[in-house]
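Visitor: I am new to reading protein models, and I would like to go through this one step by step. Could you show it to me before I ask anything?

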Amino acid sequence: MSSHVRHGFADTRHGQVHYVEHGTGDPVVLLHQTPRSWDEYRDVLPLLGAHHRAIAMDTLGFGASARPADPWTIELFAAGVLDLCDALGLDRVAVVGHHTGGVIAVEVAAAAPERVHGLVLSATPFVDAARRQRVATSRPPIDHVVPAADGSHLGQLWANRAGFYPPDRPDLLDRLVRDALAVLDRVEEGHRAVNRYRMEERIGLVRAPTLALCGELDTFSLPDLPRIAAAIPGTRSAVLPGTGVPAVDHRPEQFAAVVGEFLASLPAQVS
């Protein structure tokens, strides 16, 4: 199915942004977790693209997008999303974000509420002062490794995530490690950006119809699902059975079906 996707680059104020799209219709922009790339949505794209113009982008700094020298922040990542929309002539879009991508999606919807037609927050952590303090003082890095001459850091990249990924799907960890290697020197910065973000001051600005979802096995983000849903009035919630952190690429049919049903409920628009 992925043979039907189209790759492109868009010029932005922070450098070129790489994106991949499939389909026509109302646009939906798909935002990946750290340290992934558009590839996280490889199998979701043609499914959502059956009824929408589905656009999976590489967040600034990741994949084939430009790597700004400035410190990476959620606000910078969100600016890259809006710049891509400008470059593609998209006035209003639905935005879907997974993990870090969900935090970026919150900022996009808060910064430009008139441009976000609908919002899907997948496995999105709720970042407030208590979380920032907890992460700063007690949580070890998620993906950071020290390059080793014997290549053992490749195994460490794998091991860091193995507990969150299904043991019968090593291909999913292959894809994550490949993306992580592309940004190895800054592989942890997306996580750091998340944990600096003042979500509690921004999420109340979201006006878009919202779906909050999370895999039932995602012990990292599932506890925050009720808080995310409660912070945006009218938010719908869904728990995806049989999947966890890699819900997007582990269960693409399930993920696309839930997201697609939500998108279908939004008023039609013309972009």
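Visitor: What is the N to O distance of the salt bridge in which the side chains of Arg36 and Asp39 meet?

Guide: Before the value, please note that this is a predicted model, in which local features need pLDDT of at least 70, side-chain atom pairs count only at pLDDT 80 or more, and totals for chains, interfaces and linings use all residues. Residues are numbered from 1 along each chain as its sequence is written, and side-chain values use heavy atoms, with hydrogens and water left out. A salt bridge is a side-chain nitrogen of Lys or Arg within 4 Å of a carboxyl oxygen of Asp or Glu. For Arg36 and Asp39, the N to O distance is 2.5 Å.

Visitor: Are Arg36 and Asp39 buried or exposed?

Guide: The words rest on relative accessible area, where buried means under 20%, exposed over 50% and partly exposed in between, with a 1.4 Å probe and protein chains only. By that rule, Arg36 and Asp39 are both buried.

Visitor: Which residues are linked with Arg36 and Asp39 in a network of salt bridges?

Guide: A search of the whole structure finds 19 salt bridges, and some of the residues taking part are joined into a network. Besides Arg36 and Asp39, that network holds Arg42, Asp43, Arg175, Arg178, Asp179 and Asp249.

Visitor: With which side chain does the side chain of Asp179 make a polar contact?

Guide: Asp179 is found in helix α6, and its relative accessible area of 7% makes it buried. A polar contact is a pair of N or O atoms within 3.5 Å; within protein, one must be able to donate a hydrogen and the other to accept it, and residues adjacent in sequence count only if both atoms are side-chain atoms. At 2.7 Å, the partner of Asp179 is Arg36.

Visitor: Glu40 has no salt bridge, so how far away is the nearest side chain of opposite charge?

Guide: Glu40 sits in the loop between β3 (27-31) and α1 (45-48), and its side chain makes a polar contact of 2.9 Å with the side chain of Gln33. For charge, Lys and Arg count as positive and Asp and Glu as negative, while His and the chain ends are not counted. Glu40 is buried, and the nearest side chain of opposite charge, Arg36, is away by 4.3 Å.

Visitor: Which residues do ring pairs link into a cluster?

Guide: Rings of Phe, Tyr and Trp (its six-membered ring) pair if their centres lie within 6.5 Å; planes under 30 degrees apart count as stacked, over 60 as edge-to-face and the rest as tilted. The whole structure has 4 aromatic pairs, among them the edge-to-face pair of Phe62 and Phe77, with 6.1 Å centre to centre and 65° between the planes. Both Phe62 and Phe77 are buried. The cluster consists of Phe62, Trp72 and Phe77.

Notes
Helix = DSSP H or I, 4+ residues; strand = E, 2+ residues; numbered from the N terminus.
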